[in-house]
Amino acid sequence: MQRYGIDIWGEDDFVIDRDKVRVNHLSSPALYDIVEDIRAQGTKGPLLLRFPHLIQKQIDAVFHTFHDAFSELDYKGRFQAVFPLKVNQFPDYLNPMIEAGKAYGYGLEAGSKAELVIAMSHISPNAPITVNGFKDREMIELGFLSAKMGHDITLTIEGINELESIIEVAKEMGAPIPKIGIRIKLHSTGSGLWQKSGGINSKFGLTSTELLEAMELLKANSLLDRFTMIHFHIGSQMTQISNLKKALREAGNIYADLLKMGASSLQSINLGGGLGIEYTQNEAYPEVTYSLKEYASDTTFVLQGIARAKNVKEPNILIESGRFIAASHAVLVAPVFELFSEEYSEKALRLKSENPPLIEELHELYTYINQDNALEYLHDSIDHLNSLLTLFDLGYIDLIDRSNSEILTHLIIRKAILLLHDKPVRELRQIQDKIQEKYLINFSIFQSIPDFWGLAQRFPVMPLAKLDTKPTRSASLWDITCDSDGEIDFDSRNPLFLHSVNLDEEDYFLGFFKVGAYQEVLGMKHNLFTRPTVATIEITDTGYDIHELVKSDSLMEILEDLNYNPLKIKEKILANIQQSSHISPLERDTVYARIATILEENGYLKTFN
Ligand SMILES: *Cc1c(COP(=O)(O)O)cnc(C)c1O
């Protein structure tokens with residue numbers, strides 16, 4: 001059985017049971033059934049499914065693992081965590097997450113004014129807020145107001161000028177003054193696709209010289225007692241733990257030295273985010289080479305070692321991991337709209353009473369192909385097709401011949417794959433690289449998995465059903481944008497095999513997993529495909545409840561979002577209908593009504609069964 005690597009990336013969140021992939025929680029419903037259920041209520045096109053229990057699972061894991069690591073080493077500091085809002089700001093994600101983190105005092109990290117407003121309005125006073133990123137005076141003022149509201153807020157400065165602004169605002173507004181954090185520029189860097197955030201050349205943070213300058217400024221302005229935290233972030237999706245350990249040694253020593261220099265309120269090290277998650281579907285190529293347990297115990301061990309050696313108190317540890325918390329909770333489900341070679345059926349052949357010899361040969365290959373000769377016949381058919389296409393270019397065969405050649409070759413390929421699929425022939429694998437089936441998928445890569453387009457990040461993908469049947473087609477996936485970048489090519493390191501399906505008879509859905517971090521807000525409206533319909537699914541003991549069905553934008557809303565005036569669009573269409581000589585006065589109402597109906601629906605394709 002093809003397991004699509006679920007044992008590597010699935011983390012027991014999802015399991016395969018007989019023919020279907022199921023949510024591995026309480027009643028264990030099949031994703032396929034949930035999707036059909038939602039579609040039966042009139043939703044078409046792609047669907048984003050949120051599973052709040054998976055947010056809870058990740059938050060529990062982070063806090064429990066750190067608490068275990070702390071008890072094991074008898075570590076004296078506190079553990080705290082905040083969620084970086086940039087990873088997912090949507091309320092139907094955020095509200096369940098805040099509920100899930102309440103018992104732990106899980107906080108929020110904000111990187112812009114808008115995010116800070118979300119934090120100020122959504123989090124209780126006992127949970128921390130950290131503010132990173134570049135800040136103007138207004139943002140600093142918001143921080144002060146937030147402290148006044150009773151929030152435990154730390155403004156992390158990214159440069160000396162921000163500290164100067166804080167000093168000015170403090171003079172004007174007075175107490176309470178937010179806590180002050182300082183981002184440090186490390187000489188150690190991260191690894192992986194996102195490594196630009198760390199390191200000496202990073203866009204953020206203070207050098208050691210600037211750090212000394214900041215200390216003097218704080219002291220001179222009697223703000224040293226508000227300086228509580230140092231911060232670094234070595235980049236997202238950290239692939240190896242060794243980089244973090246290097247960064248921790250650097251940060252730990254900076255912490256200890258600053259304490260010795262009189263920063264007596266300094267008590268926390270903020271490690272930023274970067275906890276990686278496993279996206280790979282092939283265990284030969286893992287992306288992440290450490291576990292959460294390793295991350296927690298290494299961090300604790302390194303910081304304790306430095307604190308002991310330098311005889312200072314053990315720092316509180318705060319982390320800002322976002323991807324690790326959010327990625328697994330969302331699954332994008334996209335219907336397959338068409339199989340490229342579907343049109344190549346025997347019925348479509350238009351054989352003549354006399355055909356070119358190579359076509360006669362193709363026909364014989366198709367008739368006599370069997371298990372023993374399949375590979376040879378497959379090779380021959382591909383050679384013949386190439387020759388026939390050349391003959392067409394030279395004008396020796398006509399369009400009907402060309403169509404027959406293409407159909408016959410595809411029929412042979414399909415038959416050969418069926419005949420050979422039990423034999424792991426090396427050559428067959430090579431051929432599969434070349435003769436993939438193209439699956440047209442009813443979604444937009446640009447909208448729903450932009451990191452594939454921008455960073456070549458691959459997300460686990462698998463069909464939701466038919467898992468008791470061996471998939472035989474090597475697949476490349478095409479989205480419905482008109483952009484040739486909207487393709488997920490066949491990757492021999494991570495080969496994707498899908499089923500041959502007859503879409504007139506059955507639905508076939510692909511699930512893209514771990515899309516809950518970054519993808520939603522980075523998603524682009526290329527070709528004006530907007531956010532898919534989003535459903536929040538709560539799994540219960542006996543089934544599941546569908547909450548918060550947020551419908552995909554209608555065509556009118558999409559246009560309004562671009563600043564078109566929907567009324568004017570409708571007026572123009574109506575005027576054109578009235579002037580058209582093809583539409584009789586009696587038909588006008590029905591024509592307009594039909595257009596008006598379509599305008600109220602979303603822009604994705606509709607699959608009917
Ligand atoms: C982006 C970011 C994070 C979150 O990183 P993840 O890889 O999602 O854990 C945390 N802290 C800072 C400062 C960031 O810029």
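# Briefing: domains, helices and salt bridges

Helix α10 covers residues 292-309, 18 residues in total, and spans 26 Å from its first C-alpha to its last, close to the 26 Å expected at 1.5 Å a residue. The model described here is predicted. The protein is divided into domain 1 (1-49 + 329-552), domain 2 (52-328) and domain 3 (555-599). The structure holds 32 salt bridges.

**Helix α10**

- Buried residues of α10 include Leu 292, Tyr 295, Ala 296, Val 302, Leu 303 and Ile 306.
- Just after α10 comes Asn 311, with a positive phi of about 55 degrees.
- Asp 298 forms a salt bridge with Lys 245, and their closest N and O atoms are 3.6 Å apart. This pair links distant parts of the chain: Asp 298 sits in α10 and Lys 245 in α9, 53 residues apart.
- Asp 298 is buried, with a relative accessible area of 15%. Lys 245 is partly exposed, at 26% relative accessibility.

- Helix α6 (residues 137-148) has 12 residues. Its reach from first C-alpha to last is 16 Å, close to the 16 Å expected at 1.5 Å a residue.
- Met 139, Ile 140, Leu 142, Gly 143, Phe 144, Ser 146 and Ala 147 are buried in α6.
- Those buried residues pack against the helices α5 (113-122) and α7 (160-173). They also pack against the strands β6 (128-131) and β7 (152-157).
- Gly 150 follows α6 and has a positive phi, near 100 degrees.
- Lys 113 and Asp 136 form a salt bridge, with the closest N and O atoms 2.7 Å apart. Lys 113 is in helix α5, while Asp 136 is in the loop between β6 and α6; the two are 23 residues apart.
- Both partners are partly exposed: Lys 113 has a relative accessible area of 29%, and Asp 136 has 36%.

**His 231**

- His 231 belongs to strand β9 (residues 227-231). His 231 counts as buried because its relative accessibility is 1%, below the 20% cut-off.
- The side chains of His 231 and Asn 270 are joined by a polar contact of 3.3 Å.
- Leaving aside neighbours within four places in sequence, the contacts of His 231 include Asn 132, Thr 156, Arg 183, Gly 272 and Glu 320.

**Domain 1 against domain 3**

- The C-alpha centres of domain 1 and domain 3 are 36 Å apart. The contact takes 4 residues from domain 1 and 5 residues from domain 3.
- About 330 Å² is buried between the two domains, 65% of it on carbon and sulfur atoms.
- On the domain 1 side, Lys 525, Leu 528 and Thr 530 lose the most area, together 92% of what that side buries.
- The count between domain 1 and domain 3 is 1 salt bridge. Asp 561 and Lys 525 form a salt bridge, with the closest N and O atoms 2.7 Å apart.

**A salt-bridge network**

- Arg 50, Asp 92, Glu 520 and Arg 531 are linked in a network of salt bridges.
- Within it, Arg 531 and Glu 520 meet at 2.8 Å, N to O. Arg 531 lies in the loop between α18 (519-522) and β19 (533-539) and Glu 520 in helix α18, so the pair ties together parts 11 residues apart in sequence.
- Arg 531 is partly exposed, with a relative accessible area of 24%. Glu 520 counts as buried, at 10%.

Technical notes: Residues numbered from 1 in each chain as written. Predicted model: local features only at pLDDT ≥ 70, side-chain atom pairs only at ≥ 80, totals over all residues. Heavy atoms only, no water. Helix = DSSP H or I, 4+ residues; strand = E, 2+ residues; numbered from the N terminus. Expected span 1.5 Å × (residues − 1). Buried < 20%, exposed > 50% of the residue type's maximum accessible area, 1.4 Å probe, protein only. Contact = heavy atoms within 4.5 Å. Domains from an automatic or database assignment. Buried area = accessible area lost by both parts, 1.4 Å probe. Salt bridge = Lys/Arg side-chain N within 4 Å of Asp/Glu carboxyl O. Polar contact = N/O pair within 3.5 Å; in protein donor to acceptor, adjacent residues only side chain to side chain.
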